[in-house]
Amino acid sequence: MVWRIAKLAARQRLRLTFAFAAVIAASIFQLWIPQLLGDSVDRALSLLTDPQADTGPVRTRLIASAALLVMAGGLRGGFAMLYTYLGESMGQRVAYRLRMAYYEQLQRLSFSYHDRSHAGDILSRGILDIEGVRMFVNTAMLRTVFLAILIGAGAYLMISTDWRLGLISLSFVPIVAWRASVSRLKLRRTWLERQRKMGELTTVMEENLGGMRVVRAFAAEDYEMSKFDKKSNEALALSNETIGIWVRNSTFMTFAFLSVWAVIVWVGGLNVIDGEMTVGELVKFLAYMGMLQMPVRQLGMMVNGYARATTSGTRLFEILDLVPEIRDKPGAKDLEAPEGAVRFSNVHFSYGDEPVLRGVSFEARPGHTIGIVGPPGSGKSTIAHLIPRFYDCTSGSISIDGHDVRDVTLDSLRHAVGVVEQDTFMFSTTVYENAAYGEPYSRRADVEHATDMAQLHRYVDSLPLGYDTLVGERGVTLSGGQRQRLSIARSIVLRPSVIVFDDSTAAIDAATEQRIRAALADVTKDRTVIIISHRLSSLMHADEILFIEDGRVAERGSHEDLIAQGGKYLALYELQIRPAMDLGVERGPLLDSGEGARS
Amino acid sequence: MRGGGGRGGGAWMRTSAGRQTAEEIFGDAFDGQVISRFISYLKAYRKLMAVTLGAVLVFSATTLAFPLIVKFAIDGGLDGSGNRALLGAAVAGLFGAVLLNYVSNFLQEIIVGRVAMRILFNMRRAMYLHLQRVSMSFMDKTEVGRLMARLQGDVAALQEFLETAVFAVGDMIILVGIIVVLLVLDPLLGGLTLIVVPVLFLVRIVWLPYAKRAFLKAREMSSIVNGALNENVNGVRVVQGMVRERLNFEMFNDKATATLASQQRAALFGQSLLPVVDLLTGAAMAVVVVVGGSLVLDNALEVGVMVAFMLYVQRFFDPIRSLTMHYSTMQRAMASGQRIFEVLDVPLGIRDKADAVRMKDIDGSIEFRNVTFGYYPDQPVLKDVSFRVEPGETVALVGPTGSGKTSTTALIHRFYEVWEGQVVVGGRDVRDVTQESLGRQVSMVLQDPYLFTGTVYENIRYQKLEATREDIVKAARAVGAHEFIMRLTDGYDTMLEQRGGNLSIGQRQLISFARAIVADAKILVLDEATANIDSYTEMLIQQALARLLEGCTGVVIAHRLATVRNADRILVLQDGEIIESGTHDELIEQGGLYSRLYTLNYASFDDMPDELIYEATKGYRGVS
């Protein structure tokens, strides 16, 4: 996983090359500093061993060393800035790429994926996990290299100065590396576990706040607090475990480092006493070690970064690697000038193991209206979703203008088919932009005309800001009926050849619906219209009505035919027309299949 | 979560308009008020904090001691005299210091880490508990996403801060320690070396405003990008249905590119101090080499001191560097801290009186005595409303949107305080009894059934932990939910995902009915669902409703004619006043608003065209 992220970062060749060059330059200058320091100590000391020597040249050389020190410091800083900046920039670019890829992938993944996953989870991957990967590229990757060069080159320098002392000073590296990898594994596990617990805590809090009226209505504060405390304490325990691992690890690393430092003072000191080494050389060793102290302290953080990047990367690529279930066939053709003749031939469909449609066949021709009615869970909405290929049918075939929907491009198919859903999602932008959502470049008059046909123009016009009024969060809250009307307008603007109303007038009063239908008559006269509804008055006028039950067409025909048949449609008709007061005494045959899991 | 911090000021508490701008803007790195309130959370851990303080001091002292010990070793044994005993003593001291350093380091980090974590959890809990008690009007006005951003995002920002704060405090102590030691070791050399410090501070003063601006911009941009992602995820079905993928991708690309640019700029500013710091480090070392070296040559300074200086200077800037690195973390933390305390400062809405009594075994009567109430000053929603509901009676509230039906039911439960008049439940003013006991007497079914993640069983039982399994099955049977529950995969133990998203709306309604039965209250307040329910389910619900109201006092906000006609009495509200009252037949006879609405012949009052509703609410828009 780490490798895959690294490969992504490595695509920015130029930046990477410069970054590495800067890393090398920075470490060279950094390594030079201890040399300069050690040499000057020796020079200053030279007088002690040879009191007769002239101090003049020594002083000049000291000044030269000083000048070099300033230069080395400045250059090291400059290059360090360069590589950290490049590192950040590479991290940001990787984040940008991932973000775009993620966004694109989310738009491509089929409905079935979005049905299965939670928006909160998708978002936290798109925000927090991308961040985790970014930080990894930025800090961990280049810093690891920097540290490796520092240790490698330093090792060479030190071992060539004094191999025994050199080996001693490097002995902490394997210890630290071992600790780091052990704790990485542990941290990864607890990190994942903790994220999961925090997710559960989030759910508890979200539901509580969202359902505050229920909580208060039932005086359930104590109960809710105990739910919260349970999750919260579990999360806290895991957090403490994480802290424990992390602290044990990082303090031990510092300890190993300092112990080695002390050993160098000891062995080095003995060497100096024995005359095998100068004080300046010992200072070099100590200064070199001092240089490593900060990176070693950060090593702990890097380990954490690795752990987080691995988890984050796994979670991201899990989604990025998914192949959308619904995509264009190779060589799929555009649907040219669609007329909108829809044909279902023996269509079967199931969500998982649960069959929803069991052999549905019908034909909808341009200029005709098909009504679909049936109990909840009978599969009505599924029919609507199969036409624009939000899902693929399990067997059988669906065609438009004689082309199987799987043989044409998704773009052209979905342009031809407009589904007005019962659940209307509005974007938090202006009324106008919501209405023109599918055709942002359409003429204003067309958009207003569509809104007018949907019987919403008058209301929008009455708002102080008119069409520029913001919808949702920070603007007006539209009622359910108004949202549905806006959603109808949004679909009309697209002028699709096939319009499917999927229970999309449920919150609109019957009179307004009547007016919408009248206004649309002109638009729909040469288009295919499919109306799915609970309310018979919405579809009684259809050319053909299908009564769907248990995924099959139980009855079909015009309203009059169906009434004459005296079957389930008639029973439903009577149920809706009969005065509501007489209801609820006996359970008719309709009720037995009345409850399904899906609608 | 909504992109970490939410966008813009928006609806966050209209009463604190001045604070809206603070939503996204970085605070100062230090905010005395936030810090001092934060410290008040530390008080509970006084002993532990004392131990930590000790550990920090030992840690800093030992860190400072290392170069000194080396100096001692060099001056005592390495400058030609060759005293092994002194070296041995120095090394022994060094090992002792290393060990102490290890122990103190471990202690400080583990204690601070865990205490910090506990404090964060405590703060979150305090916020959460507070939100359970703030006024309902606050909750009405505030989006859940915004609150979640505080409970999660802001607490996480504080966590990041606390994790680095330990280092920062230790670094500060070490910085001060180094300055003191340098000046004590050799005032002249020390003074000259420390000249770099004011220079650095000057540079920082120039740098700060630019960096701040760059950081701010970067943060704003990334919250815009996250907002866009959020919207696309939630609206993905519309996006795909309308084939907007390409355009959205391009629009998102613009935002992401702008974010990239601002992030890079911020990174540049973040790093630009680095060469300055390193240059100054070099300069300080140069001073040590030239001045220290000369002094050594003049025999005015021991070589060990010079070495000690070198070792100190090397570490000198580490604290300053990490303080710079943590600057933006600290700013973020202060802003988050402010937002957290803002939540905690939201005044508690309704509190029990000191002498509030527990209400039990009441008769179930409800009485409104000249009640006037509203949500905004000068905009009363209920005007001088009086009525009485007898025990066991079912009263239907009817009226157009905004007429005050929902407010009436909310007042029975004391979600809000009346402006004038009295609400009397079971013979007692609701303000004289504990809210908890009132809640046990009045159960409520909301318009939109609200279920929690958990099993069906847990949802029906809810807070009534003493209810037995039989009670729950009995309640489910009573409302006709038992059959479909048994058909679920695990029956009553089926997990409801996403607040019951795997059930139909009618099924959710029935479960919420069963929950109300289990609660076993004398009074039932019910807001009938207006949501689209098919005829089959509606029939089931009508039957369930009858069972639900059996044997208790009922106040029903009725939308369906069937419900209205089944009620013992109908109250018709308009513009916050009761304009008609009586049985269905009486009201039809009166020929008032009710009969007018009734003769329009809609199956439900919600089916009435907007025009009629507008007509009825002319010149008046309120909250209902």
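Me: What share of the 624 residues of chain B counts as buried?
Reply: In this predicted model, 59% of them do. A residue gets that label when its relative accessible area is under 20%.

Me: And what share is buried in chain A?
Reply: There, buried residues make up 56% of the 599 residues.

Me: Why does Thr369(A) count as buried?
Reply: Its relative accessibility is 14%, and the label applies under 20%, so Thr369(A) counts as buried.

Me: Where is Thr369(A), and what does it touch?
Reply: You'll find Thr369(A) in strand β3 of chain A, residues 369-373. Leaving out residues up to four places away in sequence, Thr369(A) touches Val529(A), Ile531(A), His541(A), Ala542(A), Asp543(A) and Glu544(A).

Me: How many helices and strands does each chain have?
Reply: Chain A has 20 helices and ten strands, while chain B has 23 helices and twelve strands.

Me: What is the strand order in the open sheet of chain B?
Reply: The six strands go β6-β9-β10-β3-β11-β12, and their pairing is mixed.

Me: What makes β6 and β12 of chain B edge strands?
Reply: Count their partners: β6 (442-445) and β12 (577-582) of chain B have a single partner strand each, so one side of each has no neighbour in the sheet. On average, neighbouring strands in this sheet are turned by 20° against each other, if you ignore direction.

Me: How do you know that β6(B) and β9 of chain B are paired?
Reply: Pairing takes at least two bridges. Four bridges join β6(B) to β9 (residues 523-527) of chain B, so by that definition they are paired. The two run parallel, and Met444(B) stands opposite Val525(B) in β9(B).

Me: Which helices lie across strands of that sheet?
Reply: Among them is α13 (residues 405-412) of chain B, which lies across β3, β6, β9, β10 and β11 of chain B and runs at about 150° to β10(B). Another is α18 (residues 505-519) of chain B, lying across β6 and β9 of chain B and running at about 180° to β6(B).

Me: Why are α7(B) and α9(B) called roughly antiparallel?
Reply: Look at the angle. Helix α7 (residues 196-234) and helix α9 (residues 245-271) of chain B cross at roughly 155°, with axes that come within 8 Å. Angles over 145 degrees get that name, so α7(B) and α9(B) are roughly antiparallel. As for handedness, α7(B) passes α9(B) in a left-handed crossing.

Me: What makes α5(A) and α7(B) roughly antiparallel?
Reply: Helix α5 (residues 119-161) of chain A packs against α7(B) at an angle of about 150°, and their axes are 10 Å apart. With the cut-off at over 145 degrees, α5(A) and α7(B) are therefore roughly antiparallel to each other. Here the crossing is right-handed.

Me: Which residues make that contact?
Reply: From α5(A) come Ala119(A), Ile122(A), Leu123(A), Gly126(A) and Ile127(A). On the α7(B) side, the residues are Asn226(B), Leu229(B), Asn230(B), Val233(B) and Asn234(B).

Conventions. Residues are numbered from 1 along each chain as its sequence is written. Chains are lettered from A and ligands numbered from 1 in the order in which they are written. This is a predicted model: local features need pLDDT of at least 70, side-chain atom pairs count only at pLDDT 80 or more; totals for chains, interfaces and linings use all residues. Side-chain values use heavy atoms; hydrogens and water are left out. Buried means under 20% relative accessible area, exposed over 50%, partly exposed in between (1.4 Å probe, protein chains only). Axes are lines fitted to C-alpha atoms, for helices over the stretch in contact, and angles run from 0 to 180 degrees between N-to-C directions. Contact means heavy atoms within 4.5 Å. Angles under 35 degrees count as roughly parallel, over 145 as roughly antiparallel, 65 to 115 as roughly perpendicular and the rest as oblique. A crossing is left-handed if the near helix is turned anticlockwise from the far one by less than a right angle, and right-handed if clockwise.
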